[in-house]
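Visitor: Could you walk me through this one? I'm new to reading structures.

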Amino acid sequence: MKAAPFEYIRAESLEHVLERLSQHGMDAKAIAGGQSLVPMMAMRLARPTVLLDIYRLPELRQVNIEPDRVRMGATTRQRAIEYEIDLHKALPLVRDAVRWVGHIQTRNRGTVGGSLVHADPSAELPLAATVLNATLRLRSQADGERQIPAQEFFLGPMFTATAETECLVEIEWPVWQGAVATAFEETAMRHGDFAMASAACQLQLDEDGICRRAAFGVGGVDGTPRAFPELARQLVGQRIDESVAREIAQIALQQTEPGSDLHADADYRRHLGVVMLTRVLLKAAQSHHSAPALQH
Amino acid sequence: MSFSPVNVEIKVNGVIQPRTVEPRTTLVDFLRDHLGLTGTHVGCEHGICGACSVLLDGEPVRSCCMFAVQADGMSVTTVEGLAPQRGCLSKMQDAFCETHALQCGYCTPGMLIACHALVERTPQPTEAQIRDAIGGNLCRCTGYQQIVDAVKLATSPGYEVKSAQAKGSGVAHG
């Protein structure tokens with residue numbers, strides 16, 4: 001399993017990347033950590049003739065933590081997130097999600113933006129971005145910058161709204177004001193394997209444990225990560241107990257169309273989705289009682 | 001379109017290695033075929049098995065999941081570079097021998113790299129941390145328990161390299 005031949009260009013600047021993407025279009029592919037792209041090239045599922053290495057561009061890996069948002073360069077290393085305590089406080093759901101991403105060896109190379117543009121339906125960071133509805137900034141030489149909400153970015157398995165001449169440059173994560181409770185769970189054959197089903201949620205609870213704001217979603221079930229903003233609004237004003245969590249999870253999963261594979265058929269995948277989603281809703285709702293200690 | 005070879009300089013086990021490579025050469029093929037360092041094993045070649053793990057600037061990565069050109073200017077440590085000197089074993093390697101943490105040995109270079117990286121960052125790891133650290137490496141012989149035992153042994157207080165060969169006397173195992 002060897003990649004097909006290609007021309008290698010180490011990008012000198014973002015302008016250089018956009019110029020080459022504009023010049024080569026579909027034949028070129030930007031590579032950052034390459035933890036999905038290199039295996040795909042090895043299996044010849046991807047055969048770019050020009051590989052544009054953007055991994056070392058300093059302008060693509062800045063992280064700025066602001067009061068109401070975190071602006072994260074596209075090539076921010078996944079592993080770096082594990083050690084950024086300030087980032088954990090601002091984005092606890094991203095902290096929770098990244099622990100499930102691949103293995104230490106892949107997280108050392110893998111990037112946040114790389115996972116988003118690869119758009120594996122079972123990947124954790126796309127699910128976190130969808131649940132929080134992060135804003136993705138894409139840039140091209142011809143059209144400059146445009147923004148797209150994560151909930152409109154993922155179009156299908158390995159298929160996003162990124163145009164062939166565009167490069168994802170930044171992810172803007174919203175930071176909710178006040179304390180939040182988060183949870184992320186998944187089921188896979190082994191820890192680090194592709195999830196058969198995963199679920200993520202972020203809640204804001206008042207002092208009585210009543211839900212004031214909610215966002216949740218499931219991954220690995222549909223062709224894209226799924227968030228359920230309308231159902232999440234129904235949780236506001238409720239105390240989330242076992243029956244509330246299970247009922248909302250069942251309604252959510254009825255709105256999905258799972259596929260079948262070797263590991264899980266459609267019914268089982270939907271069942272797992274209900275279990276995972278119920279679990280994260282309860283875990284986040286109950287963390288209210290044990291708050292405010294960080295979960296480590 | 002020409003697919004021009006690229007000049008790279010990669011520091012491997014402390015020695016700068018200038019070479020000209022085809023861009024599609026993976027880092028593991030560079031180590032094995034260009035430098036003759038066959039200690040790093042090629043398993044699945046698509047990021048599943050972890051046999052090809054090496055340290056890149058001190059952190060474990062899969063050398064089948066990157067091209068050598070991406071490592072230009074960086075520092076790589078392979079299993080050959082773990083021992084303090086030629087003919088010696090590191091504490092971890094010695095502990096692997098002591099606890100029978102290998103049978104066929106195919107996964108061993110990757111396991112050793114993962115375990116070295118762990119103790120570099122966490123000198124006294126818990127069992128959960130050990131299992132997490134080797135979570136990206138497949139072993140089909142040991143059931144992992146002896147590997148976990150090896151890391152516990154290597155990190156136990158006062159552990160010293162035991163075998164004669166490990167001390168560098170040059171006596172080969174029978």
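Visitor: What domains does the assignment give for chain B?
Guide: This is a predicted model, and in it the domain assignment divides chain B into domain 1, covering 6-81, and domain 2, covering 91-154. Taken over C-alpha atoms, the centres of domain 1 of chain B and domain 2 of chain B are 21 Å apart.

Visitor: And how many residues of each are in contact?
Guide: Domain 1 of chain B puts 13 residues in contact with eleven residues of domain 2 of chain B. On the domain 1 side, β3 (53-56) and β4 of chain B each supply at least two residues, and the largest share, three residues, comes from β3(B). Sorted by class, that side of domain 1 of chain B has seven nonpolar residues, five polar ones and one charged one.

Visitor: How many helices and strands are in chain B, then?
Guide: Chain B has five helices and five strands, and read from the N terminus on, its elements follow the order β-β-α-β-β-β-α-α-α-α.

Visitor: Why does the radius of gyration of chain B agree with a compact globule?
Guide: A compact globule with 174 residues would have a radius of gyration near 16 Å, and chain B has 17 Å, so the two agree. Along the principal axes, the C-alpha atoms of chain B fill a box of roughly 55 × 35 × 30 Å, and 46% of the 174 residues in chain B are buried.

Visitor: Let's take one helix. Which residues of α5 in chain B are buried?
Guide: Helix α5 of chain B, residues 145-154, has Ile147(B), Val148(B), Ala150(B), Val151(B) and Ala154(B) buried. Looking down the axis of α5(B), these buried residues fall within an arc of 155 degrees, and therefore they line one face of the helix.

Visitor: Switching to chain A: why is helix α8 said to be largely enclosed?
Guide: Helix α8 of chain A, residues 124-132, has nine of its nine residues buried, so it is largely enclosed by the rest of the structure. Among the buried residues are Glu124(A), Leu125(A), Leu127(A) and Ala128(A), and each of these four is touched by Ala97(A). Just after α8(A), Asn133(A) takes a positive phi of about 50 degrees.

Visitor: What else does Ala97(A) touch?
Guide: Leaving out residues up to four places away in sequence, Ala97(A) also touches Phe184(A) and Ala200(A). In the largest nonpolar core, which has 143 residues, Ala97(A) and Ala200(A) are among those that touch the most other members. Helix α12 of chain A, residues 266-290, gives the most to this core, with eight residues.

Visitor: Which domains are assigned in chain A?
Guide: The assignment for chain A gives domain 1 (7-53), domain 2 (58-174) and domain 3 (181-290). The C-alpha centres of domain 1 of chain A and domain 2 of chain A are separated by 18 Å, and 14 residues of domain 1 of chain A are in contact with 19 residues of domain 2 of chain A. To that side of domain 1 of chain A, helix α1 (residues 14-24) gives the most, with six residues.

Visitor: Last one: how many residues does each chain bring to the contact between A and B?
Guide: Chain B brings 22 residues and chain A brings 25 residues. Strand β4 of chain B, residues 59-62, provides the largest share of the chain B side, four residues, and by class that side has ten nonpolar, eight polar and four charged residues.

Note on methods: Residues numbered from 1 in each chain as written. Chains lettered and ligands numbered in written order. Predicted model: local features only at pLDDT ≥ 70, side-chain atom pairs only at ≥ 80, totals over all residues. Contact = placed C-beta atoms within 7 Å. Nonpolar A, V, L, I, M, F, W, Y, C, P; charged D, E, K, R; others polar. Domains from an automatic or database assignment. Core = buried A, V, L, I, M, F, W, Y, C linked by C-beta atoms within 7 Å. Buried ≥ 20, exposed ≤ 12 C-beta atoms within 10 Å, placed from the backbone. Rg over C-alpha atoms; globule rule 2.2 N^0.38 Å. Arc of directions from axis to C-beta.
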